[in-house]
Amino acid sequence: LRKSAELEKLKQKQREMTKLASRKAKDEAKLKAVNEEIARMKRSRVELQRRLEEEKRKQKEILSAKSAEISILKRSAQRNQTELKRLGQAKEKAEGVGRRHLEELALLKKLQKQKFGIG
């Protein structure tokens, strides 16, 4: 009876040890899976950071190019504005000269009519 009770206790302990070993194996598998997921997430984070830096660099290049283009366009617009102003002044001067010539011509015609008594 006593040996039978001891045998039963040993069998019970063996079942418990088997359960513990099984639980330990499952826990180790879960831990391994979690660690692999953490490693994957770290790699993903590094890749995302690399892509973000690359995107920032590209955007900076684009911004720099656009700023240079804007500067060129502003200088060109300023030159065009200056040229337009110069041409406007030249036109006004030419119109003034033309008006004076017409006035002189009209005066000469008037004098000619008076001198020759025409009209």
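Being four residues apart in helix α1, E47 and R51 are separated by about one helical turn, where helices are DSSP runs of H or I with at least four residues, strands are runs of E with at least two, and both are numbered from the N terminus. The side chains of E47 and R51 meet in a salt bridge, with 3.4 Å from N to O; the term denotes a side-chain nitrogen of Lys or Arg within 4 Å of a carboxyl oxygen of Asp or Glu. R50, which also has its place in helix α1, joins E47 and R51 in a network of salt bridges.

E47 is partly exposed at 31% relative accessibility, and R50 is partly exposed at 47%; here buried means under 20% relative accessible area, exposed over 50%, and partly exposed in between, with a 1.4 Å probe and protein chains only.

## Basis of the model

This is a predicted model, in which local features need pLDDT of at least 70 and side-chain atom pairs count only at pLDDT 80 or more, while totals for chains, interfaces and linings use all residues. Residues are numbered from 1 along each chain as its sequence is written, and side-chain values use heavy atoms, with hydrogens and water left out.

## Other salt bridges

The count of salt bridges comes to 11. One of them pairs E83 with R86, the closest N and O atoms being 2.5 Å apart, and these two residues lie three apart in helix α1, about one turn of the helix. E83 is partly exposed with a relative accessible area of 34%, as is R86 at 43%.

E8 forms a salt bridge with R15, for which the closest N and O atoms are 3.5 Å apart. E8 counts as partly exposed at 44% relative accessibility, and R15 does so at 41%.

## Surface patches

L107, L108 and L111 make a nonpolar surface patch of about 290 Å². Patches consist of residues with over 30% relative accessible area and no salt bridge, joined within 9 Å for like charges and within 5 Å for nonpolar side chains (Val, Leu, Ile, Met, Phe, Trp, Tyr), and accessible areas come from the Shrake-Rupley method with a 1.4 Å probe, only the protein chains shown counting as cover for residues. L107 lies in helix α1, which covers residues 2-116, and is partly exposed, with a relative accessible area of 48%.

K19, R23, K26 and K30 form a positive surface patch, and R23 is found in helix α1. Lys and Arg count as positive and Asp and Glu as negative, with His and the chain ends not counted, and the place of a charge is taken as NZ of Lys, CZ of Arg, CG of Asp or CD of Glu.
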